[in-house]
Each structure stands twice: as structure tokens, then as C-alpha cells.
Amino acid sequence: MFLSLSICVSFFPALIICLVYFQGLPSARHSASSGVLPDLLPPHTPPQSRSALTPQRPQDKTTSDEYRQAVSSSEGGVLRHHPKSFSAFGFGASEGSTLTSQSSRRGSQINVNVAPSQPMLEALSDTPEIRKYKKKFSSDILCAALWGVNLLIGTENGLMLLDRSGQGKVYTLISRRRFQQMEVLEGQNILVTISGKKNKIRVYYLSWLNNKIFKKDQNDRRNGWVNVGELEGCVHFKIVKYEKIKFLVIALQESIEIYAWAPKPYHKFMAFKSFTDLVHKPLIVDLTVEEGQRLKVLYGSRHGFHGIDVDEMLAYDLYIPTHTQGTILPHTIVILPDTNGMELLCCYDNEGVYVNSSGRVTKNVVLQWGEMPTSVAYISTGQIMGWGNKAIEIRAAETGHLDGVFMHKKAQKLKFLCERNDKVFFSSMRSGSSCQIYFMTLNKPGLANW
């Protein structure tokens, strides 16, 4: 039995949620390929802040009850005979609606740089869905990035390309190298990665990878990539675009480095700023531009969240949880839209707090997940998603209110990979011999589909 979440009414029109196992895209969709490519935790002492605002409080009781009802109903046997791997609650969900894929498929076509011509037919449906690709991976999937409509996949043992424009064929591009993180910059013809045994920042040229797909210039290896500086032991990076400048902010084990993209004739990232002697070791990093002029580095550590004023070279604390015992696990820092780069949502463990870029608490509400998520990510629909062992939660980033829940048929660990527009890609973590990739289509009204 599906639940209707009252909290969702103000955010979504009535939608129907379903799951379809991916059996290959229908041939009609190929012709329009686009090229852009358990219970709640017990209450605790509210977190304190150095600001004078009222201490933040957990999310409203209604939201908590909705999540608890979703979990208890699934545990009570409602899903026991349900054929789907995920069932949805919220979004005005109704039962009994499924999508099916046609069995006929065209031949696989590598089409990584085509310009969009018209929306794919799958975009004509306003039904959010989750699909699973048939391909099973024997290595752990660590990261992914969209290249055109297709998906570059980084694993423990190499780099692969999943051809989404054809039958879902997977091409191996680089073997015997670990890829921890990656991002595509098509305008610069590069793939930025943290890869290798020493976790270096290595940039691969997309044209070189394209030649590998088509078996061209196989002997031209050294010209296919370049390392950024002499950096080793990289933990996380973020590419931030500001006007015509692209900053590459890199968290290392003991420092933070900022590089800026230099166009022709250099065509590479060049050193811009370096921050050493940090009190806390960075685990995640970001960069905000306040009111279009002040650069501030934002980063999360095992102790909390911190900032660095780039011009003043001044480090300070954004938010240090005082109600936790021991260390925390920072998930992500969300720079909220339409706030001039000054309002943040800092997510860690099973919570999220609202602060500004100077370290002042701005809302007396704590976003609280129904369970400890393994991944948290901000989606360009203006939502924040959390992947737990029992469910995927979707919340409004600006308020923390629950928009909907996708319950797992079986408990499993899932990992966020990447997103664009209203499509979100994630993978299962390897259990037994293999793992698989899923994608979810949210179909937020008003978004361009691809």
C-alpha cells in the first residue's frame, strides 16, 4: 500500500513512481539520442553553534513519521510479494503501474559528442522511474561522469565507457589503474581524475579516449594524458566555474591546492593558491564566490566544516558539531542557489545543518535522514538525496522537507555516481561477485530533458 506524503504536495504535482529493469533502450529512443549528455535515530542534544541564533532542532515530527511509516509498512510485508526492487512513497505514488522496454534494439553506436536534436521519447513520460543496466561489473565502481549521453565509469581496475546510445555495451579504455574520482570538461577536451596507486590528479584528453574507442592511434600513449603538478595523495577535488575561469580545488592529506585553467596557448591547469599547515585534514572540498567577488574555500574534516578566506589567507570554522562523540563523516557541502554563494547546507553523518559562509547558523532546523546514508548528493532539481541501506530519500535542499522515499526490496549499500538535469546515476556496492549501475529519472517539471 502506498502512502501519500502531505509534505510533498507543495513541491510536486501528482506523480506515479515505478521501476523498470533496464533491458536496453527501445529502438525508437535511440533515434533521438541527445548529446549533452530503519527507524529514526533517537533524539539527541541539539547541536550548538558559535552564532547567537536559537540552537538548531531536528526536522519536524510529520516528516519523521512519514519516513517511519514507509519503513514499517515495507517491513510488515507489503513489499514481500512485490516484483520491484524499489517501491516509492510520496510524490502521490500509486500502485500497479510499470513500464516495460521493447526487446528490439538497434546496433550499438558510439555517439559521445553529438549535439542534441530533440528530446528523447523516454522524456515524454512524466513518470519518475529507476532502471538498472544489465551489465555486471566484477570490480567495485568508485566514480562516474557523463560524456555526451554516455557514461565513463571508474573502477578499482580501470576506466570504462558505457554506451547509453546503443545496447549498453561497455568498452574498456584503460586497464590496471584505480580511478577514485572524475569529471568531464567537454569544452576543454579533458577528463580530470584522481587515479593511480599514488592518487595523482591526472588529466586525460577526450580526443585520445575517443581514438581508443575506435582503435585509432593505439601507440600514442604519452600524448593522451598529463599530470597536474607533482601532486600525490589527493583525497577529493571540485571544479568550480566562475565567469570564464575554471578553478580546480584539490584536497590533499595535509593541504589544499587551487589551480586555474589557462587557455591557449597553455591549455592546462596552473597553480594559483596553496594552503598548508591546516589544523584539520580535509576530506571534501569546495569553493564559493561570495557576491561575485570574494573567494572562500570550504572543506569538511573528521571534526566539522571549515573555511578559508582566499584573499586574507585566513582559516576559520564554519560548523563544529558539539553533540557527537568522536569524529564525523562529512558527506557534502551544498552552496544553496540564489544566495550569492553565501548560504550553505553542510551534510555529515545522518544530519545536515544550515550555515552561511562566515560560519553563522542561518536556520533553526536540522535536516535529518531516516537512517545513516552511505552517500549524499545535491541534485540540480534543487533537491538533496541520501542513499541508505533501506531506502533512498529525496528532500528539498532549502528546507530539508521529505519529498519522497524509494524503499529497497532488500537492504543494500548504494553509492552516488553523478547527475545531470533530472537524471541521477548510482551503483550498488559489490556484494559477492558483482555490482550494477542504476539511473533514476526524477522528471522535475520545467527541466530540459535529454
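Which residue in β8 does glycine 158 stand opposite? Serine 175 is the residue facing glycine 158.

1. The protein chain has an average pLDDT of 77. A score of at least 70 is reached by 69% of the residues.

2. Take care with residues 92-127, where pLDDT stays under 50. The model still gives this stretch 97 contacts beyond four places in sequence. Residues 445-450 also have a pLDDT below 50. That stretch has 19 contacts in the model beyond near neighbours in sequence. Where pLDDT is low, the predicted coordinates should not be read in detail.

3. **The sheet.** Four strands form an open sheet in the order β5-β6-β7-β8. Their pairing is antiparallel. The edges are β5 (141-147) and β8 (170-175). Each edge strand has a single partner, so one side of each lacks a neighbour in the sheet. On average, neighbouring strands here are turned by 20° against each other, direction ignored.

4. **The β7-β8 pair.** Strand β7 covers residues 158-162. Five bridges join β7 to β8, and the two run antiparallel. The opening pair, glycine 158 and serine 175, belongs here: the serine lies in β8. Strands of a sheet pair through backbone hydrogen bonds, either parallel or antiparallel.

5. **A helix across the sheet.** Helix α3 spans residues 206-213. This helix lies across β5, β7 and β8. Against β8, helix α3 runs at about 120°.

6. **Cores.** The largest nonpolar core has 37 residues. Within this core, Val192, Leu209, Leu248 and Phe269 have the most contacts. What does leucine 209 touch, not counting residues up to four places away in sequence? Its contacts are Trp147, Leu159, Leu173, Ile174, Leu191 and Tyr204. A second, separate core has 17 residues, including Ile258, Val289, Tyr299 and Val310. In soluble globular proteins, nonpolar side chains tend to be buried together.

7. **Cysteines.** How many disulfides does the structure hold? The count is zero. A disulfide is a covalent bond between the sulfur atoms of two cysteines. For cysteine 418, the closest cysteine sulfur is in cysteine 143, 9.3 Å away, so the two are too far apart for a bond. Cysteine 418 counts as buried because its relative accessibility is 9%, under the 20% cut-off. Cysteine 234, at 2% relative accessibility, also counts as buried.

Notes
Residues are numbered from 1 along each chain as its sequence is written. This is a predicted model: local features need pLDDT of at least 70, side-chain atom pairs count only at pLDDT 80 or more; totals for chains, interfaces and linings use all residues. Side-chain values use heavy atoms; hydrogens and water are left out. Two strands pair if DSSP finds at least two bridges between them. Axes are lines fitted to C-alpha atoms, for helices over the stretch in contact, and angles run from 0 to 180 degrees between N-to-C directions. Contact means heavy atoms within 4.5 Å. A disulfide is a pair of cysteine sulfur atoms within 2.5 Å. Buried means under 20% relative accessible area, exposed over 50%, partly exposed in between (1.4 Å probe, protein chains only). pLDDT is the predictor's confidence in each residue, from 0 to 100. A nonpolar core is a set of buried Ala, Val, Leu, Ile, Met, Phe, Trp, Tyr and Cys residues joined through side-chain atoms within 4.5 Å.
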